[in-house]
Amino acid sequence: MNPSQSFNNASQALPLFMLNANVDKIIDDNNNHELPIYDEVKQITYYAMGLGNDAPNGYKTIGTRCLRYSTTRKRGVSGTSQDPKNAIDDAKNVPR
Amino acid sequence: MILIITNKEDIHPSPVIAQLNESNVPVFRLNTEALLTDYIFNFTYTNNRYAFEIKNCAAGISISDASITSIWERRIEKPTAPHINDPELKRICEAEAWEFLIALRYYLKDKFWIGHAIHDNTASSKILQI
């Protein structure tokens, strides 16, 4: 994607450009994180990862990637998919 | 046993639970949005004493109020009833489950908490802070 053609000055994703971030990859990764997998027996939540994942079971937990975006603070109730307040996560809503 | 009150989407309890499992500390995760689908609550009153047990049907584990040593509340969600089709019945059940969840946390208020369900609200009150 050519960033200049899809983002305006009001875009929430603008800070990502300032960090020379790969917005496409961030959006793809973030979309992957929309798929929580809950292990009922282990009582542990996993999120599917994008390319480059070498976890033996195909999934791994995420806990160190909050520099780019929060994996849990989505829209709606804080920490859930109902969280209205996560500006950086809104990058995924920018027209593609 | 440690009771973690959270939701299924929250990954932050995961490494904590993994670490507790490694340390052989029993953990019970209560995902509040699944209160009406994944859990059975059993209340008893004997010898002038209330007691309750929560059973996680999917995981096959239980926790009793007497066995709860500490509680970590982290970003609970309102209970949902996806298995109920009637809109009015669904609304009533979800509202009752939410009220029950509030009452349950009050009932457990004297336990050791991280992120106390009641006191945290007091601490976050701007009016009281003035």
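The model is predicted, so local features need pLDDT of at least 70 and side-chain atom pairs count only at pLDDT 80 or more, while totals for chains, interfaces and linings use all residues. Residues are numbered from 1 along each chain as its sequence is written, chains are lettered from A and ligands numbered from 1 in the order in which they are written, and side-chain values use heavy atoms, with hydrogens and water left out.

**Confidence**

The predictor gives the complex an ipTM of 0.80 and a pTM of 0.66. In chain B the average pLDDT is 92, and 100% of the residues score at least 70. That score is the predictor's confidence in each residue, from 0 to 100.

**Chain A**

Chain A has 3 helices and 3 strands. Their order from the N terminus is α-α-α-β-β-β. Helices (H or I, at least four residues) and strands (E, at least two) are DSSP runs, numbered from the N terminus. Of the 96 residues in chain A, 39% are buried. Buried means under 20% relative accessible area, exposed over 50%, and partly exposed in between (1.4 Å probe, protein chains only).

**Nonpolar cores**

A nonpolar core is a set of buried Ala, Val, Leu, Ile, Met, Phe, Trp, Tyr and Cys residues joined through side-chain atoms within 4.5 Å. The largest one has 19 residues. B:Leu3, B:Leu30 and B:Leu108 have the most contacts inside it. In chain B, β1 (2-6), β2 (27-31), β4 (49-56) and α2 (87-107) each supply at least two residues of this core. The most come from α2(B), with 3 residues. Another core, of 8 residues, lies apart from it; among them are A:Tyr46, B:Leu20, B:Val27 and B:Trp72.

**Aromatic pairs**

Rings of Phe, Tyr and Trp (its six-membered ring) pair if their centres lie within 6.5 Å; planes under 30 degrees apart count as stacked, over 60 as edge-to-face and the rest as tilted. There are 6 aromatic pairs over all chains. B:Phe28 and B:Tyr39 have ring centres 6.0 Å apart and planes at 50 degrees, so the pair is tilted. B:Phe28 lies in strand β2 of chain B and B:Tyr39 in strand β3 (residues 39-46) of chain B, so the pair ties together parts 11 residues apart in sequence. B:Phe28 is buried at 0% relative accessibility. B:Tyr39 is buried too, at 7%.

B:Phe41 and B:Phe100 have centres 4.8 Å apart and planes at 80 degrees, so this pair is edge-to-face. It joins strand β3 to helix α2 of chain B, so it ties together parts 59 residues apart in sequence. B:Phe41, B:Phe43, B:Phe52, B:Phe100 and B:Tyr107 form one aromatic cluster.

**Salt bridges**

A salt bridge is a side-chain nitrogen of Lys or Arg within 4 Å of a carboxyl oxygen of Asp or Glu. The table lists some, including one between chains.

| Pair | N to O distance |
|---|---|
| B:Lys8 and A:Glu40 | 3.0 Å |
| B:Asp38 and B:Lys8 | 2.7 Å |
| B:Asp65 and B:Arg49 | 3.9 Å |

B:Lys8 sits in the loop between β1 and α1 (13-22) of chain B, and A:Glu40 in the loop between β1 (36-39) and β2 (44-48) of chain A. A:Glu40 is partly exposed, at 23% relative accessibility. B:Asp38 is buried, at 12%. A:Glu40, B:Lys8 and B:Asp38 are linked in a network of salt bridges.
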